[in-house]
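Hi,

Here is the model I promised to pass on.

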Amino acid sequence: MAKTQSSVRQGLDETSSERVGTYVEAGIEAIRDEMRRDPDIFYMGQGIGPRGGNFAQTRGLWNEFGDERLRDTPIAELAQVGLGIGAALAGSRPIVDIVFFDFILEASALLIQQASTIHYISNGKFRVPLVIRAAMGGVRNTGPHHSHTFYSFFMHIPGLRVAVPATPHDVKGLLKTALRSDDPALFIEHKALYNAKGPLPAQEYTVPFGQAAIRRPGKDVTLIAVSLMVSKALEAAEILEREGISVEVIDPRTVAPLDKETILQSVSKTGRLAILDEAYAACGFSAEVAALVSEEALDELDAPIRRICALPAPHAFSPSLNDYLIPSVDRVVREVRSTLRG
Amino acid sequence: MNVSKELVLSLYRAMAEIREFELKAREIFRSGRMPGFIHLYVGEEAIAAGVIACLQKEDYVTSSHRGHGHALAKGIPAREVMAELMGAVGGCCGGRGGSMHLYEPAVGFLGTNGVVPPGIPIAAGAALSAKLRKTGQVAVSFFGDGAVNNGAFHEALNMAAVWELPVIFVCENNLYATETPFKAATKNTSVASRAAAYQMPGIEVDGNDVLAIYEKTGQAVQRARRGEGPTLMECLTYRWFGHHEGDPGTSYRSREEVEMWKQRDPVRRLREQALASGWAEPGDFERIDEEVRSLIEDAAQFALASPQPKAATALDQVFCD
């Protein structure tokens, strides 16, 4: 057990950084650095001011930047995002914190119809440097209204960037990139990862969009996993290693843009692909990757692609139901093993 | 209010330009040469002219699907608006937006919009940015009666009031949202009275009286620039034509009602008032009419001759980076 845990942690080491921090601290650091560097950045959302955020995701920021730049809002996501878009058009660089990713739906029209289109339809005359921050996924049985992971809805839309970091290192690096980018970006953290520890360099660095990370090299099967599922993938890989199955775990880090090259290279090496996603299979991230690989690397595949996803039901509250619906390490092991049959 | 000849003639010119532009667009549309759909502003010119005359070039405006008047009054050249309606490269958006998606940062024009309510929070956001940057800029949101029962209206007005944003919400109440009468869809038909719910000033004004609009807007702009927050203005008006070109506008409105409102033509009304009060002479108006006719004729020629963008550019500009 201890060996599994340490190799899982090792799998998540990006650098030789000795400094360690939590996922939530990483986000605060990135925002603090960027808000100090750029006076046009400001932050809006429910409870993100003196309270420091529902997940402590803005702790300390209000103390430094005050009411002007850390603005608590009413429960009005549509207006939060709408004001964010307007402010971005006028030259500010807002962060809108939706808190629970589920509630982005209240503002979807603004995000999809307005934010994602304006640069294009204005023929490049306007930019929308807006960052939407939110926490997706289930933790402690958050239930049907607080557990969604439908980031693929936004991956579907041209004009939006979608980041789904799995580690503290990537939270800080990707959030900095998002804040420096002039394109509208969804920065989607996972609420079950907020207390996860990992290497967190103190020095200045960014992580580019569209660059996946190979969390564990392998040669028998490629396993792509998103956000919280990365650690489940690594656990499953550890178990399969003992059966002589070498799994290559890839973390895309951003789904829009998606690092196709890394995925295709891995599949040509292994010949087998499984995709692990806490979201549903239908029209999701896993469907997109499966389609891409089928289109561009059909000859490389030695087995059908496997999608390991949430089963198609709402997020039941009861732990026994939830544990069944969301991919477990056992299910991942079984599904990945099945790609080597036949 | 001090009415100078200069003010009268500039307001007249702004309205005449919109009137002439809309009639020319209608003509081109009916000839079958214009793609898409247009929603004409004829009859409502006093609102765009009267409100925008109070703004500086760097102040912000958001508009709706019925926005040619706002775009022209704010300073997008007539040629570029007409070419945009044609989907041509000479358009202000290179043909990518069309009538309902006109954008021009050089004059603070944050877009006409195919969806009406979003312009309301977007204008509030621009005002927020101005407040943060301490520039003294204000923002104006133009929307119709159809938007005021939408959640975006409520959320944006409340946030603008809470944060005392320098934004003016201008409702152009022309009594119909597409073909739905305002009174059939609304319990409280006084839009201006809703301002009380947000503790902001609510002003009702004759939407066909450009001088009254200019005066009331001026006061709202001063309040906003002084940091006293937002205002809601309700301008009572009427569109002469249908919701969009192709809709005669008479299946849900009586001809008598349409004729009654045509008698309140804001353009003719200003001219008659100016002549009666001695603010200007007939020759002044004739000269402006001729200049406007020439300007719009030039815009039409330009637009009709402007080429379509090349298909190879269709995937450009989806992202900045």
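Below is what I found, going chain by chain and then to the place where the chains meet.

First, some housekeeping: this is a predicted model, so local features need pLDDT of at least 70 and side-chain atom pairs count only at pLDDT 80 or more, while totals for chains, interfaces and linings use all residues. Residues are numbered from 1 along each chain as its sequence is written, and chains are lettered from A and ligands numbered from 1 in the order in which they are written.

Chain A

Chain A has 13 helices and 14 strands; helices (H or I, at least four residues) and strands (E, at least two) are DSSP runs, numbered from the N terminus. Its radius of gyration is 20 Å, which agrees with the value near 20 Å for a compact globule of 342 residues. (That radius is taken over C-alpha atoms, and the globule rule is 2.2 Å times the number of residues to the power 0.38.) The C-alpha atoms of chain A fill a box of roughly 60 × 45 × 40 Å along the principal axes. Of its 342 residues, 57% are buried; buried means 20 or more other C-beta atoms within 10 Å of a residue's own, exposed means 12 or fewer, and partly exposed is in between, with C-beta atoms placed from the backbone. Among contacts in chain A with a separation of 6 or more, 79% are between residues 24 or more positions apart. (Two residues are in contact if their C-beta atoms, placed from the backbone, lie within 7 Å.)

Chain B

Chain B comes to eleven helices and seven strands. Its radius of gyration is 19 Å, close to the 20 Å that the globule rule gives for 321 residues, so chain B is as compact as a globular protein of that length. Buried residues make up 54% of chain B.

Take a look at helix α1 (residues 5-30) of chain B. Its 26 residues should span 38 Å at 1.5 Å a residue, and the end C-alpha atoms are 37 Å apart, which agrees; the expected span is 1.5 Å times one less than the number of residues. After α1(B) comes B:Gly32, with a positive phi near 85°.

α1(B) also packs on helix α11 (residues 282-305) of chain B: the axes come within 9 Å and cross at roughly 40°. (Axes are lines fitted to C-alpha atoms, for helices over the stretch in contact, and angles run from 0 to 180 degrees between N-to-C directions.) That makes the pair oblique: angles under 35 degrees count as roughly parallel, over 145 as roughly antiparallel, 65 to 115 as roughly perpendicular and the rest as oblique. Residues of α1(B) that meet α11(B) include B:Leu9, B:Tyr12 and B:Phe21.

Helices α5 (residues 119-133) and α6 (residues 151-162) of chain B pack at about 20°, with their axes 8 Å apart. α5(B) is therefore roughly parallel to α6(B).

Where the chains meet

Here 35 residues of chain A contact 34 residues of chain B. On the chain A side, α4(A) gives the most, with nine residues.

A:Gly86 counts as buried because it has 36 C-beta neighbours inside 10 Å. Across in chain B, A:Gly86 touches residues including B:Leu110, B:Pro121 and B:Ala124. B:Pro121 and B:Ala124 are also among the α5(B) residues that meet α6(B).

Cheers

How values were computed:
Lists of a residue's contacts leave out its neighbours within four places in sequence.
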